[in-house]
Amino acid sequence: QLIVIVLYFALTVVVGLLAARRSKTASDFHGAEMGLFAIVCASTGEWLGGTATSGVAEYGFLYGLSGAWYTIANGVGVMFLALCFAKLYRSLEQVTIPGIVEKFFGVRARTVSSILLTIVMLAVGLSQMVAAGKLGQSLMGYDFTATCIVFAVIFIVYTLAGGMRAVAATSEVHLFAMYGGMILAMFVALHKVGGMAAFKEGMAQVEAVDGGSFFSMGSIGFSKVSSWIIASLLGACTAQAGIQPVLAAKDIKTAKKACILTAFVV
């Protein structure tokens, strides 16, 4: 396991640093002129983080298929961004949310939004480090704090080195690894328990004791589903990390197409 993890992160860093070699100007760093595939990968990488993988796996364990509402809500938010704001944001020729805010409300509003977004992105970034640390702790038995620090250094190094191009390039690797890994794990797990029929029989026994239904999309509760959808609708249209790939698209049409595709991929 350790060899696999070390090799994977080594590959991530190498891909990020190779992409960094193409970032020679400020425009390259924030990703101007990026194509459809790169934008979709970068955008999807922002929405499928620690909560959307290990977090949703926990929701699935506790609530069944309705745990999927977290990523479904994210998809709804991104689609809302695609249909209502992607064209507007890209047409403003800005590279940050505060830059867009300044266009409409002035310099003071830009300063306030910069401070607020910095706080928000620190919280989001730290949650990713916590997710990585928990994974290292549960999977490998390593010290939680040390694992967080190591992962944080790796993430920061290739991101600062290559900007959006590095994020897009490494997200391509992550995307194939996540989807490939999840699909493979699903088939392996079903095989281990004796197939779908045995799985359903086992779940029926669990449901008889605990109540609820694993296969119901409503067992997680309306309040949690609605809060996720509201948060995604608002976050998709205001979060720097989610909108950054849109602003980096080579043109307005690419930005809108990329958002629509991202919503379905997520």
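Which residues are buried in α12? The legends below take that up, along with the rest of the chain.

**View 1. Helix α12 and its cover.** The buried residues of α12 are Q240, A241, G242, I243, Q244, P245, V246 and L247. Here, buried means under 20% relative accessible area, exposed means over 50%, and partly exposed is in between (1.4 Å probe, protein chains only). Helix α12 covers residues 240-247, and eight of its eight residues are buried, so the rest of the structure largely encloses it. A word on the source: this is a predicted model, where local features need pLDDT of at least 70 and side-chain atom pairs count only at pLDDT 80 or more, while totals for chains, interfaces and linings use all residues. Residues are numbered from 1 along each chain as its sequence is written, and side-chain values use heavy atoms, with hydrogens and water left out.

**View 2. The whole chain, for orientation.** You get 13 helices and zero strands here; helices (H or I, at least four residues) and strands (E, at least two) are DSSP runs, numbered from the N terminus. The radius of gyration is 20 Å, close to the 18 Å from the globule rule for 266 residues, so the chain is as compact as a globular protein of that length. That radius is taken over C-alpha atoms, and the rule is 2.2 Å times the number of residues to the power 0.38. The C-alpha trace spans about 60 × 40 × 30 Å along its principal axes. Buried residues account for 38% of the 266 in the chain.

**View 3. T170 and its contacts.** T170 sits in helix α9, residues 144-192. With 1% relative accessibility, T170 counts as buried. Skip its neighbours within four places in sequence, and T170 is in contact (heavy atoms within 4.5 Å) with T12, V15, G16 and Y158. Zooming back out to contacts in the chain between residues at least 6 apart in sequence, 75% join residues at least 24 apart.

**View 4. Cysteines without a partner.** Searching the whole structure turns up zero disulfides, a disulfide being a pair of cysteine sulfur atoms within 2.5 Å. C84 is in no disulfide, and its nearest cysteine sulfur, that of C237, is 7.0 Å away. C84 is partly exposed, at 42% relative accessible area. C259 is in no disulfide either, and again the nearest cysteine sulfur is that of C237, 9.2 Å away. C259 is buried, with a relative accessible area of 4%.
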